[in-house]
Amino acid sequence: MKKRPEWILPDLKEAQKRTKKQIERIDSYVVPENARSIGVNRLYFISTYGCQANERDSETLAGIMDSMGFTKVEDVEKADVILINTCAIRDNAMEKVLGEIGNFKRLYRENPDLVIGVCGCMAQEEGFVERLLEKYPQVRLLFGTHNIHQLPEMLYSVIYEKKRVVRIYSREGEVYENLPVHRFGKHKAWVNIMYGCDKFCTYCIVPYTRGKQRSRYMDEILKEVRELKEQGYKEITLLGQNVNAYGKDIDDSYDFATLLEECAKIGIPRIRFTTSHPWDFSDEMLDVIGKYENIMPFIHLPLQSGDSDILKLMGRRYTQEEYITLYNKIIERIPNVAVSTDIIVGFPNESDQQFEHTLDVVKYCKFDNAFTFIFSPRPGTPASRMEDPISLETKKKRLALLNKTWNQYALERNKAYIGKTVTVLVDGWSKKNHTVYSGYTDTNKLVNFTGNHIQTGDFVQVYIDDAKTFSLDGHAIE
Ligand code: 5AD
Ligand code: SF4
């Protein structure tokens, strides 16, 4: 691969630096004059991998594409521009993305003017970028998480100057307000409250790919929430890698409990938030969540491991006992709360006994839902440099046992809903069966149900007839 002087490639060392420098806040956005009509008579397709932060970024990408006159399509075969917004959290995500780009090779052969752009967290990874540039000439545009606002000028160069554009900043990042947004949901919306992460859990790539923790000003967030309410949105989810730390990077007068309360007062029917790190979970947050009907009784509280020594190696800054104390406080203070979690098995050197400690916590908490993963070494992170004699086979066995264990409790929790009536916000037809509707309860339980004259975005009372591990079945009560 011949590197070009105008390419800006990722630099992991730069990405991990944290300074005391004030972050820049940019609140006006204009599409450069020469890029304003690039999209006229052109179609774009976006493919999104990974977490909600990426989903929300794709909505900004779509908003920027719309502002250049492009039109969004669902059929990739028709697209003039394909954007692939990637995730770097585990290795398997990378293989999936490379597979998808490989599939687009045919489209590129048929239409050499097709622009294939790759962005998101994987673009921030040195190794991935090298491999992509070398092996995938069909990728004409590659940009990072800090370069989204530059999409118009980059596309201009690709389309009119026929350049291959690579622009990946590795830095702490800024806060951009007022970037255009094309929301994909009509009744549920994502609201970023902060960007980046400073926790540097030893296994995690996010602080390197998304920069320093940067909270948005509360006024800006509340303005967005008010607008969403006016537009008729029924549910918002406040997003951040660790929402509990909201505002700590601005000053002491800011905190998440206050933000949550102010959002609740605006009166959107449903407010959710994700993700909460057990470390900064405050009593004030519990009070606010318990006090407002429109803050959903559902907490995603990543455990990662139930063993205090592994937690220390992970840099999580809580022990098994502290997690359980917090869990107990949550279930005492928030009526009918549901709790979900993330768990990693096979962290370097995790012993059978340490894994048992994770199972102990699962058995104690009986989580409503869990996202479970085998540790995946991320290049550049401290955990990726730790020696790891535990075989993949052992890790797979642990994952299977963990899944069997939490599934059993999730089913038990779900069965407690049988015979009860719940309020469901309707998403539309069930994905698997177009004769039943689906939606979620306040506790974030997926419900498939029958009924008549039901619209997406309605709140419906549903009587629960049956329960499965991952969903509830019921019928609407007229
Ligand atoms: N390997 C496996 N799982 C990981 N996660 C984050 N980094 C890794 C990794 N290197 C999981 C954590 C996190 C979730 C989003 O992904 O459980 O909470
Ligand atoms: Fe990663 Fe830890 Fe930050 Fe979550 S809190 S994004 S796991 S570094």
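These legends describe close-up views of one predicted model.

The model is predicted, so local features need pLDDT of at least 70, side-chain atom pairs count only at pLDDT 80 or more, and totals for chains, interfaces and linings use all residues. Residues are numbered from 1 along each chain as its sequence is written, chains are lettered from A and ligands numbered from 1 in the order in which they are written, and side-chain values use heavy atoms, without hydrogens or water.

**View 1. Domain layout of the protein.** The assignment gives domain 1 (22-29 + 36-167), domain 2 (180-415) and domain 3 (421-476). Such bounds come from an automatic or database domain assignment. Taken over C-alpha atoms, the centres of domain 1 and domain 3 are 35 Å apart.

**View 2. The second largest pocket.** Its volume is about 600 Å³. A pocket is an open set of points on a 1 Å grid over the protein atoms alone, where a 1.4 Å probe fits, with protein on both sides within 12 Å along at least five of seven lines. Grid points are joined across faces, edges and corners, and the volume is the space filled by probe spheres set on the points. The lining has 27 residues; lining residues have an atom within 4 Å of a point. Arg56, Thr60, Tyr176, Leu179 and Tyr195 lie nearest the pocket centre. Helix 2 (52-67) and helix 8 (218-230) are the elements that give two or more residues to this lining. Helix 8 supplies the largest share, 5 residues. Helices (H or I, at least four residues) and strands (E, at least two) are DSSP runs, numbered from the N terminus. Domain 1 and domain 2 each give at least three residues to the lining. By class, the lining has 6 nonpolar, 9 polar and 12 charged residues. Ala, Val, Leu, Ile, Met, Phe, Trp, Tyr, Cys and Pro count as nonpolar, Asp, Glu, Lys and Arg as charged, and the others, Gly among them, as polar.

**View 3. Helix 12 against helix 13.** The axes of helix 12 (residues 320-333) and helix 13 (residues 352-365) come within 11 Å and cross at roughly 10°. Axes are lines fitted to C-alpha atoms, for helices over the stretch in contact, and angles run from 0 to 180 degrees between N-to-C directions. The two helices are therefore roughly parallel (angles under 35 degrees). Helix 12 makes the contact (heavy atoms within 4.5 Å) through Gln320, Tyr323, Ile324, Tyr327 and Asn328. Helix 13 contributes His357, Asp360, Val361, Tyr364 and Cys365.

**View 4. Helix 13 against helix 14.** Helix 13 packs on helix 14 (residues 392-415) at about 10°, with axes 10 Å apart. That makes the pair roughly parallel. The contact has 8 nonpolar, 2 polar and 4 charged residues.

**View 5. Backbone at Thr275 and Gln304.** The peptide bond from Thr274 to Thr275 is cis, with omega near 5°. Gln304 has a positive phi, near 70°.

How values were computed:
Angles under 35 degrees count as roughly parallel, over 145 as roughly antiparallel, 65 to 115 as roughly perpendicular and the rest as oblique.
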